[in-house]
Amino acid sequence: MASIFVVPIDELVPMQQKKLEELSKYESYDLDHDGTVTDDEISKSKEMTELELREEKSHAQKQMSWTAIASMVVFTLLLFTPLVSESRVAALADLLGLFYVGQASIVGFYFGAQAYMSRSR
Ligand SMILES: [Ca+2]
């Protein structure tokens with residue numbers, strides 16, 4: 001008897017359109033600027049963010065390896081100047097060896113990481 005008055009709740013309340021708050025950071029996700037952020041646009045934005053992060057990471061690694069190369073060159077040139085006495089070079093020989101191995105391994109790891117990342121794509 002009472003069943004004729006039972007109406008599903010979602011028919012009474014119309015579907016509310018979701019809105020972004022004003023100056024939302026997700027505003028930029030609306031790639032075609034039609035005022036609607038679709039699932040497709042969100043996944044595209046995620047992909048773009050991932051690419052940007054990867055790019056940033058690889059840029060930082062490149063800078064690190066260039067710094068390592070530059071430091072090896074600068075230290076080597078410094079050792080040939082009169083600023084560093086021969087006795088000091090002899091005393092620090094072990095440490096200098098470790099320094100070169102450490103810096104060169106940074107460069108090596110950079111190339112290894114580049115090769116690995118280009119293979120995994
Ligand atoms: Ca859109």
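## Overall organisation

Of the contacts in the protein between residues at least 6 apart in sequence, 53% join residues that are at least 24 apart. The model described here is a predicted one. Its secondary structure amounts to four helices and zero strands, and the order of these elements along the sequence is α-α-α-α.

Burial is limited in this model: of the 121 residues in the protein, 2% are buried. A residue is counted as buried when 20 or more other C-beta atoms lie within 10 Å of its own.

## Helices H2 and H4

Helix H2 comprises residues 39–79.

Helix H4 comprises residues 93–120.

## Packing of H2 against H4

Two packed helices are described by the angle between their axes and the distance between the axes. For H2 and H4, the angle is about 150 degrees and the axes are 9 Å apart. Angles over 145 degrees count as roughly antiparallel, and H2 and H4 are therefore roughly antiparallel to each other. Their crossing is left-handed.

On the H2 side, the contact is made by Gln61, Lys62, Met64, Ser65, Ala68, Ile69, Ser71, Met72 and Phe75. On the H4 side, the contributing residues are Phe99, Tyr100, Gln103, Ile106, Val107, Tyr110 and Ala113. Classified by type, the residues of this contact are eleven nonpolar, four polar and one charged. An α-helix has 3.6 residues a turn, so residues three or four places apart point the same way.

## The loop between H1 and H2

Helix H1 covers residues 9–12, and Lys18 is found in the loop that lies between H1 and H2. Lys18 counts as exposed because it has 7 C-beta neighbours inside 10 Å. Although Lys18 and Thr36 are 18 residues apart in sequence, their C-alpha atoms are 9.3 Å apart in space.

Leu23 and His33 also belong to the loop between H1 and H2. Leu23 is not a glycine, yet it has a positive phi of about 55 degrees. His33, likewise not a glycine, has a positive phi of about 55 degrees. Leu23 is exposed, because 6 other C-beta atoms lie within 10 Å; His33 is exposed as well, with 7 other C-beta atoms within 10 Å.

## Asp40 in H2

Asp40 is placed in helix H2. Having 9 other C-beta atoms within 10 Å, Asp40 is exposed. Asp40 and Tyr29 are eleven residues apart along the chain, and a distance of 9.8 Å separates their C-alpha atoms.

## Val84 between H2 and H3

Val84 is located in the loop between H2 and helix H3, the latter formed by residues 86–91. With 13 other C-beta atoms within 10 Å, Val84 is partly exposed. When its neighbours within four places in sequence are left aside, Val84 is in contact with Leu78, Leu79 and Val89.

Note on methods: Residues numbered from 1 in each chain as written. Predicted model: local features only at pLDDT ≥ 70, side-chain atom pairs only at ≥ 80, totals over all residues. Axes fitted to C-alpha atoms, helices over the stretch in contact; angles between N-to-C directions. Helix = DSSP H or I, 4+ residues; strand = E, 2+ residues; numbered from the N terminus. Parallel < 35°, antiparallel > 145°, perpendicular 65-115°, else oblique. Left-handed = near helix turned anticlockwise from the far one by under 90°. Contact = placed C-beta atoms within 7 Å. Nonpolar A, V, L, I, M, F, W, Y, C, P; charged D, E, K, R; others polar. Buried ≥ 20, exposed ≤ 12 C-beta atoms within 10 Å, placed from the backbone.
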